[in-house]
Amino acid sequence: LRAGAAGHSLLFLLPSEKGYLDVLQTKGVSKIEPLSLSSTLNQAATLCPDWTNAGLKHGGNKEMNGRSKGNDFARGSRNGEYFASEVQRRLEDCIVQENIAAQQKWKEERKANKKRRKDAPNSKAKEGELMELARDAFMSF
């Protein structure tokens, strides 16, 4: 059920969270189909060859260095890994860029506050919301 209505969802569970499937079944969720992460990533790699090639190039794959030019699509069973690597790189870039923007905004606000009153407190630079969420997620493991 999705917000009280029928629908579809994709749920990622760690092996230690497998018991949650029983909870879902007691709530009436009956059609639960496991998907292979490897298979799903390989399928995504096929659908997004530009991201897969970018993951291959940024990952520093020695066997392809110097040979992977233009839109050459990586061959082999590791395409899903290359795709996932590029997804992670882009997410990290997004978090870093949002953090830089938040810190710049904080500096501008602090500068404006200092012009209005000289006794502005010396507070630590504000982190971006995505950076805070990423740190919280990392610390939860």
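Does Asn-99 count as buried or exposed, and at what relative accessibility? In this predicted model, Asn-99 has a relative accessibility of 10% and therefore counts as buried, the limit being under 20%. Asn-99 sits in helix α4. Leaving aside residues up to four places away in sequence, Asn-99 touches Glu-127, Gly-128 and Met-131.

The overall architecture was examined next. The chain holds 5 helices and 0 strands. Read from the N terminus, the order of elements is α-α-α-α-α. The chain has 141 residues, and 16% of them count as buried. Contacts were also sorted by separation along the sequence. Among contacts between residues at least 6 apart, 57% join residues at least 24 apart.

Helix α3 covers residues 49-58, and Leu-56 is part of it. The relative accessible area of Leu-56 is 3%. This value is under 20%, so Leu-56 is buried. Leu-56 and Tyr-82 are separated by 26 residues in sequence. In space, their C-alpha atoms are 5.2 Å apart.

Aromatic rings were then considered. A pair of aromatic rings is described by two values, the distance of the centres and the angle of the planes. The count for this structure is 1 aromatic pair. The pair is formed by Trp-51 and Phe-83, with ring centres 6.1 Å apart and planes at 25 degrees. The angle is under 30 degrees, so the pair is stacked. The pair links distant parts of the chain. Trp-51 belongs to helix α3, while Phe-83 belongs to helix α4, which spans residues 79-116. The two residues are 32 residues apart. Their accessibility was also computed. Trp-51 has a relative accessible area of 32% and is partly exposed. Phe-83, at 11% relative accessibility, counts as buried.

Arg-110 is partly exposed, because its relative accessible area of 22% is not under the 20% limit for buried residues. Arg-110 and Ala-125 are 15 residues apart in sequence. The C-alpha to C-alpha distance between Arg-110 and Ala-125 is 9.4 Å.

Cysteines were examined for bonding. A disulfide is a covalent bond between the sulfur atoms of two cysteines. The search of the whole structure found 0 disulfides. Cys-48 has a relative accessibility of 30% and counts as partly exposed. Cys-94 is partly exposed too, with a relative accessible area of 43%.

Empty space was the last topic. Rolling a probe the size of a water molecule over the atoms shows where such space is left. The largest pocket has a volume of about 1200 Å³. Its lining is made up of 27 residues. Those nearest the centre of the pocket are Ser-9, Leu-10, Leu-11, Ile-32 and Glu-33. Two helices, α1 (20-26) and α2 (37-47), each supply at least two residues of the lining. By type, the lining of the largest pocket divides into 15 nonpolar, 7 polar and 5 charged residues.

Note on methods:
Residues numbered from 1 in each chain as written. Predicted model: local features only at pLDDT ≥ 70, side-chain atom pairs only at ≥ 80, totals over all residues. Heavy atoms only, no water. 1 Å grid on protein atoms, 1.4 Å probe; cavity = no way out; pocket = protein on both sides within 12 Å on 5 of 7 lines; lining within 4 Å. Points joined across faces, edges and corners; volume = space filled by probe spheres on them. Helix = DSSP H or I, 4+ residues; strand = E, 2+ residues; numbered from the N terminus. Nonpolar A, V, L, I, M, F, W, Y, C, P; charged D, E, K, R; others polar. Buried < 20%, exposed > 50% of the residue type's maximum accessible area, 1.4 Å probe, protein only. Phe/Tyr/Trp six-rings, centres within 6.5 Å; stacked < 30°, edge-to-face > 60°. Contact = heavy atoms within 4.5 Å. Disulfide = S-S within 2.5 Å.
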